[in-house]
Amino acid sequence: MVKKGKKESATPANETFDPLVVECKTPVTVVLLLRSTEEDILIKACEAIHALAKRGDDNKVSLLGLGVLESLCQLINHGNKLVRRNAFMALGVMSTHADVKKALKKLNIIPSIIDKLSTQEETVVHEFGTLCLASLSVDFVSKAQIFDHKGLVPVIQLLSCPDPDVVKNSLEIIYNQMQDSPSRLAIHELGGIPHLLTQLKSEFPVIQQLALKILRNITIDKDTRITFIKEQGFEKLVDVLDQKNLHDLHSRSLDVVANCLNDSECFQLIHKGGGLAKLMEFIPSPKQPEIQANAVKCIAKVARSSENRNMLHEQNVEKVLVELFSVSDDRVKAAVSQAVSAMSATLASKEVLRELGAISALVELLNCGDWTVKRNASRALSDLTHNNLLNVMAVYEARGHERLVQLLTEECHMTVANSAATLSNMAGQEDIRYSILSQNVLPALVDSLKSKKSYVQSSTACCVASLACDTASRTEFQTAGGLPPLVNLLDSKYKDVQKMACLAVKACACDEPCAVEMCVLGTLEKLQKINRLENQRTSFSNMAMTNLLNSNLSVKYSLLGFLSPNDHVSDGFYDAGKTVAGHRHLSLEEHLCQPVNQHRAIIVINTAKHGAEHKRDDDKPKDKPLIEIYYKSLNDSTLEALVQEAKERVLLIDDKMEQYSSLAKMVSQAMGGAVDRENMNTFELTIDHSKLKFQLQSNVVPIGRINKGTYYHRALLFKCLADFIGLSCSLVRGEYNRAWNEVVLNGPPQRYVVDLMNNPGSLLKVNTPVAVQYQDI
C-alpha cells in the first residue's frame, strides 16, 4: 500500500509533498510497485526487494517466481540515479542464487551491467554490478558475452577503486574470465598486471588470495611472465614470502614463482636481479611443511632446463636440498626427492649429491610408509644411478638393492617402474648383479611384466635384459614363468615397450631351452612382423632374432635354409623342412605328439646315450606317455656308432681334403651308396620312409634309422658327423628337396661342395668368393 500526504486544495508551485511511506505486506505488492511510474515509489520498492532478497534463498526464489527480474533489469537503466542504485542492489543480491543466474542469462542483461560500470556511476552501483557479473561469469556463455562486450576494460579499471567489495567482485570476475585463453591474454594487454600486484598489499586476505590465484593462472603465458618480471612482480612476491605473518599467502605465491622460474628467459632475469639467491634463503626457513614442500617443487620445475640447473648448481642448491631430508614431514621429503631427481640430470650435481649423502638418505626413504615418498625416492635413485658407477656403488653399499627388490611388489605402478630401472642401472656390475639375483628378484619381475602400465612393462623388460646374463638366471626366469608375459610384450603398441621386450628376448634367447620355448610361444613370428616394418624394426629386434635363431638351429635352418660352420648341430636338432609362410614352426615335442601323417618325416639328431640321460633325469609320472614316445623315437644307437666310426676313421687322416672325402664316402655308404644320375628317378624313398614312420608310430625319425637317403638326408648326416668330430662345414638347403654341404680349404681359401650322391667323396670347386653374404630375415 502507498499512502500519500494530505494534499491541499491549492498547492503553491514551490511546495513539495510529504515523504512517501511504502508498507510491504506481501512480496506480490512490492513486485507490482516496480511497475510504477513514480520515482519515489520505485526507489522504495527496489529497496524493499533488496531487503527481502537479503533474508535468504527462499525469498529469492519467491521473488523470481513473481517475475521480479524483468522489472529490475529495466530499472538498472532508469534515468534516476537512486532508482538505478537500488535496482542494482536488489539485482546483485538476487544474482547469487543459481536459479536466478539461469533466468538472467535469458534476459541479456550483461551489456547493460557493463555499461553501468563507468566512472560516472556511484560506488554502490559498481559494487552490486560487479557482484552480479561475478555470479554470472561462472557460466561459459556469460564469459563469452562479457568478453565480447569488452567487459574486462571497466572491470580492470575498478581494481583501483578504494571500496574493497568492488575490488573483490572485480577480481572474482577476472578469475572466472581467465579460464579462457583470449581473456587471459586480454588481462595482460589491458594493463591488468600492475593492478593485480597492487592488491598483494591489500589488508583483506581474500583479495590477496584472489590476486595470487589470478597471477598464477595468467603467468602460464610467456608475454605475461615477462611483463610480470618487468613490473617487479617477483620481488613483490619475495616480499610476501619474507613476511611470516603472511604465511597463508606463501603457497599461492610460490605457485606464481614456479611459473616464472620455469621460463628460461624469466629465470635469467630473476637470477640477474638476485631473486634466485633470495629464494634459496627462503626455502629452509618456513615452519609450515606445505609451504616448504611447494618451495622445493619450484626448484624441481626450474631444474627441468639444463641451463637453469647450472645456475641452481652455482647457488649450491644441492646442499639446501640434502639438508631438507632431515625435515620430518613426508610432503617435504617427497618434494626434495623430486628436486634431487631433476638436478641429477647434470653430472656435476650427481657427484655433489652423492658426496653430500643424498643417496643414503634416499635409500632410507624407501622404507617410508608414504607411497609418494617411496615413488619419488625410487625415481631419484634411478636418475642418480643412470650411467654413474660411483652412485651405483653408493646405493649398493647402503643395501638399497635389497629394498628395491621388495618394492617390485608395491601397489604404486610408478614405484615398481622406478625400482626396476634402478636395478637395471646397478646390474651392469657383476658382483652387484649376483647380489640382486640372490634376492629372488626374477619371480618378482615376472609379475611386473604382467602389468597393464606401459612404463612398468618397459622398465621391467629392461631389468630382465640386464639380469638374465647367465644360464642360471635365464633358467630361473624361465622356470618362474617369465617367458610368456615377456613374449606378449612384443605385440605392444608402445614402441619403447616393444624395444625393451626385444632386448630381454635377446638376452633370454642365448640359451637353447629358452629359445625353444619362445619359438613355441610365437616369438619368431612376432619378431618377423616387427622386422618387416621399418617404423618398428630396431637393432634390438634384429639382435633378438639373431640370438633366437642361433640358439635354436632347427628353426634357423627351417627359416633360412642355411647353417654356417659356426652353427654346430647337436642332440635334439631336427629338420622339419622349409618353413611354410603363415605357419608357426612347431617344436620337436609338438611334432612327437601329432598323429602319423602323410607328410615328409621329421629327421632328428640324437645319440642313444643322450636319450638315456634325459630319461633318467626327466621321467616323471605325469609326463610318462609323452616321455615314452619321445625316447622311443629319439633312441639312435646307429648314429652313435657312426660318430664313433668317424672319429676312428676320419680323424686319423692328416690331409684335410681327404678327411672330408672319407667322411663323405662314409655318409653315402650309410645312406644307400652312390646313385647314378640316370638312376635318380628310380631311387624311391617315400615308401621306405612311410614304413619307418608307421613302424615307429611317429612322424619323427632318427637319422640313424634311415638307410636309404637322398640329398637332404645325406647333407644333414654329413653336417652332424662333421660337427661331432670337429670338422668345419656348412649346410645349405636348395629347391626340390636338394641340400648340400660346403667346406673351405686353405691355400688359398677355396670353397667346395661335397658330393654325397653321384660320386661320393669328390669335392666340387665353387667359383663364387668364400665370403658369401646370406640374406637376412
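In which loop is Asn108 found? Asn108 is found in the loop between helix 6 and helix 7, where helices (H or I, at least four residues) and strands (E, at least two) are DSSP runs numbered from the N terminus. The structure is a predicted model, in which local features need pLDDT of at least 70 and side-chain atom pairs count only at pLDDT 80 or more, while totals for chains, interfaces and linings use all residues. Residues are numbered from 1 along each chain as its sequence is written, and side-chain values use heavy atoms, with hydrogens and water left out.

Although Asn108 is not a glycine, its phi is positive, at about 55°. The relative accessible area of Asn108 is 45%, so this residue is partly exposed; buried denotes under 20% relative accessible area, exposed over 50%, and partly exposed the range in between (1.4 Å probe, protein chains only). A positive phi of about 55° is also assigned to Gln697, likewise not a glycine. Gln697 is located in the loop between helix 45 (686–696) and strand 6 (700–702), and its relative accessibility of 49% places Gln697 in the partly exposed class.

Salt bridges were examined next. Across the whole structure, 23 salt bridges are found, each defined as a side-chain nitrogen of Lys or Arg within 4 Å of a carboxyl oxygen of Asp or Glu. One of them joins Glu121 to Arg84, with 3.2 Å between the closest N and O atoms. This pair links distant parts of the chain, 37 residues apart: Glu121 lies in the loop between helix 7 (110–115) and helix 8 (123–136), and Arg84 in helix 5 (residues 81–94). Glu121 is buried, at a relative accessible area of 13%, and Arg84 is buried as well, at 9%.

A salt bridge is also formed between Lys105 and Asp139, whose closest N and O atoms are 3.2 Å apart. Lys105 belongs to helix 6 (residues 98–106) and Asp139 to the loop between helix 8 and helix 9 (140–148), so the pair ties together parts that are 34 residues apart in sequence. Lys105 is partly exposed, with a relative accessible area of 40%, and Asp139 counts as partly exposed at 21% relative accessibility.

The salt bridge between Lys168 and Glu172 has its closest N and O atoms 2.9 Å apart. Both residues lie in helix 11 (residues 164–177), at a separation of four residues, about one turn of the helix. Lys168 is partly exposed, with a relative accessible area of 25%; Glu172 is also partly exposed, at 25% relative accessibility. Elsewhere, a network of salt bridges links Asp575, Arg600 and Arg733.

Asp636 provides a case of a charged residue that is buried yet has no salt bridge. The nearest side chain of opposite charge to Asp636 is that of Arg705, 6.5 Å away; in this assignment Lys and Arg count as positive and Asp and Glu as negative, whereas His and the chain ends are not counted. Asp636 is positioned in the loop between helix 42 (624–634) and helix 43 (637–649). A polar atom of the Asp636 side chain lies 3.1 Å from the backbone nitrogen of Leu639.

Two surface patches were considered. Patches consist of residues with over 30% relative accessible area and no salt bridge, like charges being joined within 9 Å and nonpolar side chains (Val, Leu, Ile, Met, Phe, Trp, Tyr) within 5 Å. Accessible areas come from the Shrake-Rupley method with a 1.4 Å probe, and for residues only the protein chains shown count as cover. A patch of negative charge on the surface gathers Glu235, Asp239, Asp242 and Glu281, the place of a charge being taken as NZ of Lys, CZ of Arg, CG of Asp or CD of Glu. Helix 16 (residues 233–242) contributes the largest share of the negative patch, three residues. Asp239 is found in helix 16 and is partly exposed, at 42% relative accessibility. A nonpolar surface patch of about 240 Å² is made by Val28, Leu32 and Leu66. Leu32 is part of helix 1 (residues 27–33) and counts as partly exposed at 49% relative accessibility.

Finally, Lys506 is situated in helix 35 (residues 495–508) and is partly exposed, with a relative accessible area of 25%. The C-alpha atoms of Lys506 and Met545 are separated by 7.3 Å, the two residues being 39 residues apart along the chain.

Definitions and conventions
A polar contact is a pair of N or O atoms within 3.5 Å; within protein, one must be able to donate a hydrogen and the other to accept it, and residues adjacent in sequence count only if both atoms are side-chain atoms.
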